[in-house]
Amino acid sequence: MKTFSYVDQNLAAIRARIDAAKERSGGGEVTLLAAVKYTDTDHINYLHSLGVNDIGENRVQQLLEHWDALNRENLRVHFIGTLQKNKVKYIIDKVAMIHSLDSLSLAEEIEKQAAKHGLVMDVLVEINSGMEENKSGILPDEAAAFCESLGQFSHLNLRGFMTMAPKCEKNEEYRKY
């Protein structure tokens, strides 16, 4: 029998940090998105039973392997990894949001597949804020034009941005990203 006591402890600590941050900032709505990279379905379902209703998968194959065994009642699955155009068709009807839109050709494929299913897909544009060569994403100075170009797609709903800062030595350095 699996024990999940460490999940309870970690989740309680994360929720306490969220509550403290909300208090410091004056409140607001917060969505806890649990990245479930490398975990199994039992852990995901346990997290969901504790009220974690948003999970993030970063690999299409992993999402598909988990799909049938997930307790999907009130569960919102987000795709948070790099998405190849040829894999969009496998996840389009399973995810609530795609967090890694980084090209017009990917937007076209999401549009095509969402239209087939009669969906409007929420997306985040991935911004390469550190302008790192080894990372994907739209460069900051190209972001406005890219976002404007998404207006042509009736099955995409631009909800915001996703970015990952480069590795910094000091916490203060992250603020510029």
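Predicted model: local features only at pLDDT ≥ 70, side-chain atom pairs only at ≥ 80, totals over all residues.

Author: Two packed helices are described by the angle between their axes and the distance between the axes. Here the axes of α1 and α2 come within 11 Å and cross at roughly 45 degrees. That angle makes α1 oblique to α2.

Reader: In which hand does α1 pass α2?

Author: The crossing of α1 past α2 is right-handed. On the α1 side, Tyr6, Val7, Asp8 and Leu11 take part, and they meet His43, Tyr46 and Leu47 of α2.

Reader: Which residues of helix α2 are buried?

Author: The general idea comes from the helical repeat. An α-helix has 3.6 residues a turn, so residues three or four places apart point the same way. In α2, which spans residues 41-49, the buried residues are Thr41, His43, Ile44, Leu47 and His48. Viewed down the axis of α2, these buried residues fall within an arc of 160 degrees, so they line one face of the helix.

Reader: What covers the buried residues of α2?

Author: The cover includes the helices α1 (5-25) and α3 (60-67), together with the strands β1 (33-35) and β2 (54-57).

Reader: What may be read at the two ends of α2?

Author: At its start, a side-chain oxygen of Asp40 reaches to within 3.2 Å of the backbone nitrogen of Asp42. After the helix comes Gly51, with a positive phi near 95 degrees.

Reader: Where does His99 lie, and which side chain is joined to that of His99 by a polar contact?

Author: His99 belongs to strand β4, residues 97-101. Its relative accessible area is 9%, and His99 is therefore buried. A polar contact of 2.8 Å joins its side chain to that of His78. Apart from neighbours within four places in sequence, the residues in contact with His99 are Leu33, His78, Phe79, Ile80, Leu124, Glu126 and Met162.

Terms used: Residues numbered from 1 in each chain as written. Heavy atoms only, no water. Buried < 20%, exposed > 50% of the residue type's maximum accessible area, 1.4 Å probe, protein only. Helix = DSSP H or I, 4+ residues; strand = E, 2+ residues; numbered from the N terminus. Arc of directions from axis to C-beta. Contact = heavy atoms within 4.5 Å. Polar contact = N/O pair within 3.5 Å; in protein donor to acceptor, adjacent residues only side chain to side chain. Axes fitted to C-alpha atoms, helices over the stretch in contact; angles between N-to-C directions. Parallel < 35°, antiparallel > 145°, perpendicular 65-115°, else oblique. Left-handed = near helix turned anticlockwise from the far one by under 90°.
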